[in-house]
Amino acid sequence: MKNALTIQRFFLAVFLLLTATFSKNLNAQSPQGINYQAVVRNAQGQPVASGNVSIRFKIHDGTATGTVVFQETHTTATNQFGLITVVIGGGGGNLAAVNWGNGNKFLQVEVDPAGGSNFTDMGTTQMVSVPYALYAGNAANGITGPTGPTGPVGGGTPGPTGATGPTGPTGVTGPTGVGTPGATGPTGATGATGNDGPIGPTGPAGSGGGATGPTGPTGATGNDGAPGATGPTGAGTPGPTGATGITGATGNTGATGPTGTGSAGPTGPTGVTGNTGATGATGPTGTGTTGATGPTGPAGSGGVTVFQNASTAQSGPANSTSLVTKTSLTLQPGTYVITFSAELSGKCNAGCVQYQFDDGSTTFAQGWTPLDGSSSTQSSYVPVSHTVYVTYATTATVNIKYSGYNATYPGYIRNARIVALQVN
């Protein structure tokens with residue numbers, strides 16, 4: 001089955017012998033429902049016991065993939081064996097609307113063992129014989145066969161009609177008389193209607209009636225339903241456990257030997273502690289002079305030296321696109337890791353460079369920030385930073401510069417800082 005889900009389906013006693021009876025003058029009301037039972041199993045073949053499941057029924061017209069003429073969904077609980085029992089037609093669908101007399105019908109079953117709407121198709125089978133008894137509930141009466149020819153009229157003269165008496169109980173039907181009927185008398189007054197008497201036994205059939213019409217052909221036998229799934233093989237009973245062997249007897253404990261009787265020797269006396277010697281006199285303090293301090297040795301190689309310069313106060317406004325130097329740091333020859341950082345406010349765009357980090361010959365970074373006009377409030381400042389790795393053979397000066405757009409949109413800068421780490 002799809003998704004390794006197994007469901008054993010069977011119709012209980014052929015839909016619990018659902019029948020419908022009708023005659024020419026009386027239609028009995030057939031129940032609009034079909035009993036359905038199934039055992040729901042999970043992907044490991046174990047019954048889904050005591051859980052909620054969803055099951056959806058569809059009836060197809062004509063073929064297994066024909067038009068859906070009935071559909072309904074049930075949510076029900078399994079018992080401790082995984083068994084569900086529902087009534088098709090009791091979940092909101094209308095079986096009375098199915099035209100059972102028009103062609104074959106096929107039942108499709110879909111299941112979600114988790115009780116949701118993620119249904120798995122369990123297959124489609126043809127509905128045979130008994131479900132079609134529902135047709136009796138809404139089908140018209142069949143065509144009456146032709147009436148046989150009327151037998152000949154007896155030759156007797158009718159006798160006079162007697163007065164109509166009260167209706168008595170129905171007696172046993174006697175044989176048909178052979179006398180000549182008398183003339184018809186006048187119709188008497190209608191008597192009071194008596195109570196219905198018990199129905200008497202049916203008399204013998206009269207002679208001379210029409211011949212019985214031929215019997216219609218027997219309908220074709222429906223297909224056999226699919227065989228049910230084979231139940232699991234029962235487990236054998238384990239054999240009895242063998243008896244436990246007898247534990248051997250424990251040997252006797254040997255007797256304890258006698259305790260020795262020798263006495264301990266006496267402890268010798270403690271020796272006398274000698275006296276502590278006198279402390280010697282302290283020698284005089286030396287009076288020599290301190291030697292001169294030696295010269296400072298050369299700087300070791302591979303160390304890190306930090307140089308920095310900062311200007312934290314706010315500057316501005318810069319009301320043109322000309323760059324103004326905010327802060328600088330002069331470096332001696334060597335290799336450095338340099339970090340530039342600042343906070344800017346104002347407004348600039350591609351028409352100007354609002355900030356620039358350089359050493360007079362090389363520009364390390366520049367640009368403008370997406371600011372909000374000429375405001376210089378704290379909330380308007382945007383931080384920018386950049387780090388470079390450079391080597392200078394001669395003295396060099398590194399700078400942080402800024403500008404504005406124009407007098408309407410000037411630029412401001414604060415917390416401008418240059419930090420250089422010398423790495424050789």
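I started at Val 423, which is found in the segment after β16 (411-422); strands here are DSSP runs of E, at least two residues, numbered from the N terminus. The model is predicted, with local features needing pLDDT of at least 70 and side-chain atom pairs counted only at pLDDT 80 or more, while totals for chains, interfaces and linings use all residues. Residues are numbered from 1 along each chain as its sequence is written, and side-chain values use heavy atoms, with hydrogens and water left out.

I looked up the exposure of Val 423: its relative accessibility is 32%, so the residue counts as partly exposed (buried is under 20%, exposed over 50%, partly exposed in between; 1.4 Å probe, protein chains only).

I then noted that Val 423 belongs to a nonpolar surface patch of about 450 Å², made with Val 304, Val 306, Tyr 389 and Leu 421. Patch residues have over 30% relative accessible area and no salt bridge, and nonpolar side chains are joined within 5 Å. A salt bridge is a Lys or Arg side-chain nitrogen within 4 Å of an Asp or Glu carboxyl oxygen.

Next I checked Gln 37, in strand β2 (residues 34-41). Gln 37 has 14% relative accessibility and therefore counts as buried. Its side chain makes a polar contact of 2.8 Å with that of Thr 85 (a pair of N or O atoms within 3.5 Å, one able to donate a hydrogen and the other to accept it; residues adjacent in sequence count only if both atoms are side-chain atoms).

Last, I traced an open sheet of 4 strands, antiparallel in the order β10-β15-β12-β13. β10 (324-331) and β13 (363-367) each have a single partner strand, so one side of each lacks a neighbour in the sheet. Pairing requires at least two DSSP bridges. Between β12 (residues 355-358) and β15 (residues 396-402) I found 4 bridges; Asp 358 has Asn 399 in β15 as its bridge partner.

Notes:
Patches are made of residues with over 30% relative accessible area and no salt bridge: like charges are joined within 9 Å, nonpolar side chains (Val, Leu, Ile, Met, Phe, Trp, Tyr) within 5 Å. Accessible areas come from the Shrake-Rupley method with a 1.4 Å probe; for residues, only the protein chains shown count as cover.
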